[in-house]
Structures are given as C-alpha cells and as structure tokens.
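Here's a quick tour of some side-chain and backbone details worth a look. Have the viewer open while you read.

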Amino acid sequence: MSGNGKSMNLTLRIWRQKNASDPGRFVTYPAKGVSPDMSFLEMLDVVNEELTTKGEDPIAFDHDCREGICGTCSIVVNGRAHGPRTRTTACQLHMRTFRDGDTLVIEPWRARAFPVVKDLVVDRGALDRVIQAGGFVSVSTGSAPDGNAIPVPKTDAELAMDAAACIGCGACVAACPNASAMLFTSAKVSQLALLPQGQPERYERVRRMVAAMDEAGFGSCTNHEECEAVCPKGISVSFIARMNRDFLKATLMGAGENTGGGGGAA
C-alpha cells in the first residue's frame, strides 16, 4: 500500500466496448499524479477529464451515491469484483490501496445475464426482474402499526436485517465461476421469509423468484463461496441454504398452496 501520501503513477488496462454487439478490447491508459486519497471512481473521473480534453470518448462506468449504498459501481479490478479490499465497494476503494507503478486491469461484470451496455456498464435488469417476481406482501395491515406491535424474535430480526443489507450490486454474480445469483436471490427471499409479514406469500414467493433467476440465465450454485468473499456487505452463504429449504418445501407442497403462520427461523 502507498502510505507516504505522495502521488502515484499507474497504468490502467481498461475494457472498452461500444455496445453489446461490439467484441470489445482492452485499451491502456496512463494515470499520472494520482492522489492516494482519491477514491477509485475519482481516479476514473480524472482520467475521463483528460480523455475529454483530448477529444476522445470517455470511459463509461456506473455510479450514483458513491457512499457504498446504491450498489451501482460494478467494476472488476485485477480480477476481483469491487477491487482487492473486503467489504468495500469500488466507490469506497481508495487509491492508497495500490502502489506507485502498479498496473490495474479494469473490466465489467462478466455474466450472460449481465450484457455489456458500454465499456464498464452492464445491464443488471435481470436482478430487478427477480425482485419483481417476488411480488408484494398482500396481507391487509390497516394503518401503519407501532414498531413493537408485532413481536419478532431477536434472532429472526437480526438475520432479516443481515439479509436486507444486500445492495443488489451483483458482485456475487461476477465472482461466481457459474455466474450464479443465488446469494442475491436468497438474501431478498430471506429478508421477508424471516418476518411475520412475509409469511402469507412465503412459499409462492420463493418459487417465483427462483424461476425468474433461472429464466434470466444465471448459473447454479456449486458452493465455491466466492460470492460471500466479495460481497461488500458480507452476506452469508447460509441464506442460500435457507432459501433452498424453503424452495424444497414449496416444491413438495405443490403449486398454489401456502402455509401462513410459523416463525421465520423454521
């Protein structure tokens, strides 16, 4: 790591691709005078300013909040989703992580379900379709109840919050050798299945979301656990096992059946 506070000179090998039908290629760019205090995306901003000044097409990459919340900054750095630091999104990755003279290979998520739109931007609409397939909670709740009106065991509440921490960035898909979306889908399934409010559609929901995941072209989970290793929020693969149990039960129950009550930790 660069700890002396001095600027760095880096070599960037960046994937450039005009559109989904373009074959794409790596293009080398120098990044000079990079401050160790810059974020990774700020460094790309500086490179793009230089390209624009030269009249060249800037590098397209996704970004939004730049606070590690939106999950938009989908970039692979030196073969690792979001870069070398654990539980860190690309927008929160600081350049002091690297050394002066380093060569950084920067490319988009690689998955059939994530077609490249341009350069480092991919279409992650497949994740949205998985969410949409889950539907909504249709139980009539009336007006907004007090937060403590429905007793929820502490263990279930904490697990539901752990699952809800998923920001839907797709790093799990990018890191998986099978391009599986099981970690993402299981987190979204579990955050509702663990709570009383999620029980009415619990088993129908998991059937629909798994079907949408398969239809999108994501691969299967074969327990490599690369997904958990790169997840910026540290989502546990135990949620995959939880979803598999619910899916198996839903399959055995048959289409159109459901069970309401019961605790989320079943």
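A charge counts as sitting over a ring when NZ of Lys or CZ of Arg is within 6 Å of the ring centre and within 35 degrees of the ring normal. Keep in mind that this is a predicted model. With that rule in hand, R13 lies over the face of F26, 4.8 Å from the ring centre. A second case is R110, which sits over the face of W15 at 4.3 Å from the ring centre.

**Strands around those rings**

Where does W15 stand relative to strand 2? It stands opposite F26 of that strand. The strands involved are strand 1 (residues 8–16) and strand 2 (residues 25–34), which pair in the antiparallel sense over eight bridges. Strand 1 also pairs with strand 5, this time in the parallel sense and over four bridges.

**Aromatic pairs**

The ring-pair count comes to three. Here are two of them, side by side:

| Pair | Geometry | Centre to centre | Angle between planes |
|---|---|---|---|
| F40 and F98 | tilted | 6.2 Å | 55° |
| F114 and F218 | edge-to-face | 5.7 Å | 80° |

What do these pairs connect? F40 belongs to helix 1 (residues 40–53), while F98 is in the loop between strand 4 (80–81) and strand 5 (103–107), so this pair ties together parts that are 58 residues apart in sequence. Both F40 and F98 are buried. The pair of F114 and F218 links distant parts of the chain too, 104 residues apart. F114 sits in the loop between strand 5 and strand 6 (116–118), and F218 in the loop between helix 6 and helix 7. F114 and F218 are both buried as well.

**Helix 8**

Next up is helix 8, covering residues 238–253. Its 16 residues reach 23 Å from first C-alpha to last, close to the 22 Å expected at 1.5 Å a residue. Which residues of helix 8 are buried? They are F239, I240, R242, M243, D246, A250 and M253. These cover an arc of only 160° around the axis, which means they share the same side of helix 8. On the other side, L248 and L252 are exposed. What covers the buried residues includes helix 3 (154–164), helix 5 (182–193), helix 6 (202–215) and helix 7 (226–230). Just after helix 8, G254 takes a positive phi of about 95°.

Most residues other than glycine have a negative phi. N78 lies in the loop between strand 3 (76–77) and strand 4. Is N78 buried or partly exposed? At 43% relative accessibility, N78 counts as partly exposed, because that class runs between the buried cut-off of 20% and the exposed cut-off of 50%.

E225 is another such residue, with a positive phi near 65°. E225 is found in the loop between helix 6 and helix 7. With a relative accessible area of 46%, E225 is partly exposed.

Terms used:
Residues numbered from 1 in each chain as written. Predicted model: local features only at pLDDT ≥ 70, side-chain atom pairs only at ≥ 80, totals over all residues. Heavy atoms only, no water. Helix = DSSP H or I, 4+ residues; strand = E, 2+ residues; numbered from the N terminus. Expected span 1.5 Å × (residues − 1). Buried < 20%, exposed > 50% of the residue type's maximum accessible area, 1.4 Å probe, protein only. Arc of directions from axis to C-beta. Contact = heavy atoms within 4.5 Å. Phe/Tyr/Trp six-rings, centres within 6.5 Å; stacked < 30°, edge-to-face > 60°. Pairing = 2+ DSSP bridges.
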